[in-house]
Amino acid sequence: MCGIVGYIGNNAVADKLMDGLKNLEYRGYDSAGIALNDNQKIEVFKAQGKLANLKAVLLQNNISQNPSHIGIGHIRWATHGAPTVENAHPHISNDGNLVLVHNGIIENYKELREKLEQQGVHFYSQTDTEVAVHLFAEEYKKFGSLEAAVRSGLACLKGAFAFCIMHHNEQDKMIAVRKNAPLIIGCNQNENYIASDITALLGKVKKVIYLDDNEMAVVKKDSVIVKDIFGNIVLKKSEEINMKADLIDKQGYEHFMLKEIAEQPIIIRKILQKHVQNNKIILNEDKLNIDWKKVKDITFVACGTSLHAAMVAQKVWENWLNIPVRVEAASEFIYQKNLLNENSLVIGISQSGETADTITALKQAQNLNTQILVVTNRLDSTIVRYAQSVIGLDAGVEISVAATKSYLAQLITFYWVGLYVAQEQNLLSQDEIVSLLESFEKIPEQIEEILSHKSQIEEIAKQIKNYPSAIFISRAFNLPTAYEGALKLKEISYINANAYPAGELKHGPIALLDENMPVIALLEQDETYAKLISNCEEAKARHAFLIGIGGEKLSNIFDAFIKTPKTLSCFSPLLMCVPVQLLAYYTAKALNREIDQPRNLAKSVTVE
Ligand code: AGP
């Protein structure tokens, strides 16, 4: 979603801002802008669309010659108002002296706008953000100090925000403020940055300060002072960045998505090495501060791909742990009655750790006194604040908007955690655990085998690309994989794809089947197999283009078949997800789509 970068130092500020914004591009955006606080006046440059358009605007204006040492930049993912130049950030006050960028949503913007308009303020955009700039500018008239103006203005704002603010009369500082939206300060000698995501600062600074909610930082070239909203100084420690800059490099791959799919065996091996030793599951450095004896029910809350990972966990954990497990889309959980209490465990899953729906769901779970476990790929993210226990995914930074390696890392995590609990609570015998581990540990090499057949999958994708829609079907453990396959295909190829429990096909969706509808069946050779084959026959009888994914090709009805290695049914989602990721990838590639940054999507969805 939106991204913020601010810079104060001795270097060419426009380059620094563009560099930082480039590293945030993966979040998804539809306009961009920067503001430079140079000696004569604040200058704002904005463009609709990608950073290349903003770069062209900067070139036209000879910005490399600009002597500025302080500036702010933003990429915007439109929420309030279309992705136009007017609505792009930075937003500037009517007197041209105060300028800011904002992530989040100001919920009471309509009342504030009305009030400010009555006071004679002129609005030029449809954004909620613009009220903040005019509000702070009005306060500046009273206080004559940026810090005091922002502190006073903040008291009127409801919602979520991360701001980076400058004033023309105070060219020695930027103000950073956060409430429910991430913001960090990157510290170097004689230069400091503000950013909404650490990736903006990779390779630029070694240390960062994480702001907490309701904190404000006064960031100068050679100092950073953090205060609470009442103006009291808060002593903050800076932390070393432990991510490498080359994490946001394609390393020879055409797209980040393909690179991230290819990384999956390495990631799984690493996780397995960390948690499986001598036929036992161990925690290693991870902590699971959950009182399992108390847990009578488990609820997963998540969105999108993370929700599908939860669906797999539900099926596996109910088998292993013998406990009722519920899966709720976080956006539904927050508007329904949840019969949870101190005997409930709520598990929030979020790759980014910034998904607003999931965070709100966890806040509500806190109020119901449940135990809370968070599983995230970003231990530096907002969601960890709401957890009693946190498990990191160890998947490395995921740049492609379409989640792949983080999904597999989520699955692997639920398998090892499930096995660990079963082992510690004696819910599975040692023999059962040993035999499960035998199959579990083969997964990385089996994924490598699937990856080695990617050219066959590419050929099938070249056929799928010719259809306007597709249907995925499966049963049991792989139903969530079918949902995930359909989501991936929709997200990056824009082909309308839906997934159904195979047995549901005949209850309605079958009406859609004819020679123009590919049906992709995920087949597990377990007790569901015969029924699934019957469902495939039903599709074939309606002339659907039928693709099978699974173990042996035991039937000749398929127009195309992708073979996956043999494993236990419960582990098959770990293998089946790889061909569906590749099918989506190659279909999108054949259609020449913008694979890593699909239209309308954002990497972390920070609004409800
Ligand atoms: C995945 O491909 C999607 N981009 C999206 O569904 C994503 O999984 C969802 O927005 C949840 O994100 P999170 O895991 O960061 O919370």
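Visitor: Where is the place of glutamate 524?
Guide: This is a predicted model, in which local features need pLDDT of at least 70, side-chain atom pairs count only at pLDDT 80 or more, and totals for chains, interfaces and linings use all residues. Residues are numbered from 1 along each chain as its sequence is written, and side-chain values use heavy atoms, with hydrogens and water left out. Helices (H or I, at least four residues) and strands (E, at least two) are DSSP runs, numbered from the N terminus. Glutamate 524 has its place in the loop between S24 and H16.

Visitor: Which side chain of opposite charge is nearest to glutamate 524, and how far away?
Guide: Glutamate 524 is buried, meaning under 20% relative accessible area, where exposed is over 50% and partly exposed is in between (1.4 Å probe, protein chains only). Lys and Arg count as positive and Asp and Glu as negative; His and the chain ends are not counted. A salt bridge needs a side-chain nitrogen of Lys or Arg within 4 Å of a carboxyl oxygen of Asp or Glu. Glutamate 524 has none, and the nearest side chain of opposite charge is lysine 566, 4.5 Å away.

Visitor: Which side chain joins that of glutamate 524 in a polar contact?
Guide: A polar contact is a pair of N or O atoms within 3.5 Å; within protein, one must be able to donate a hydrogen and the other to accept it, and residues adjacent in sequence count only if both atoms are side-chain atoms. Here the contact is 3.2 Å, and the partner is serine 572.

Visitor: Which strands stand at the edges, each with a single partner strand?
Guide: Two strands pair if DSSP finds at least two bridges between them. The open sheet has 5 strands with parallel pairing, in the order S23-S22-S24-S25-S26. One side of each edge strand is left without a neighbour in the sheet, because each has a single partner: these are S23 (496–501) and S26 (560–563).

Visitor: What is the bridge partner of glycine 548 in S26?
Guide: Strand S25 (residues 545–550) pairs with S26 in the parallel sense over 4 bridges. In S26, the partner of glycine 548 is phenylalanine 561.

Visitor: What angle does the direction of helix H16 make with that of S24?
Guide: Helix H16 (residues 529–541) packs on the sheet and touches S22, S24 and S25, contact being heavy atoms within 4.5 Å. Axes are lines fitted to C-alpha atoms, for helices over the stretch in contact, and angles run from 0 to 180 degrees between N-to-C directions. For H16 and S24 the angle is about 170 degrees.

Visitor: Which residue in S19 stands opposite aspartate 297?
Guide: Another 5 strands form an open sheet, ordered S18-S17-S19-S20-S21 with parallel pairing. Strands S17 (residues 297–302) and S19 (residues 344–350) pair over 5 bridges. Opposite aspartate 297 stands serine 344.
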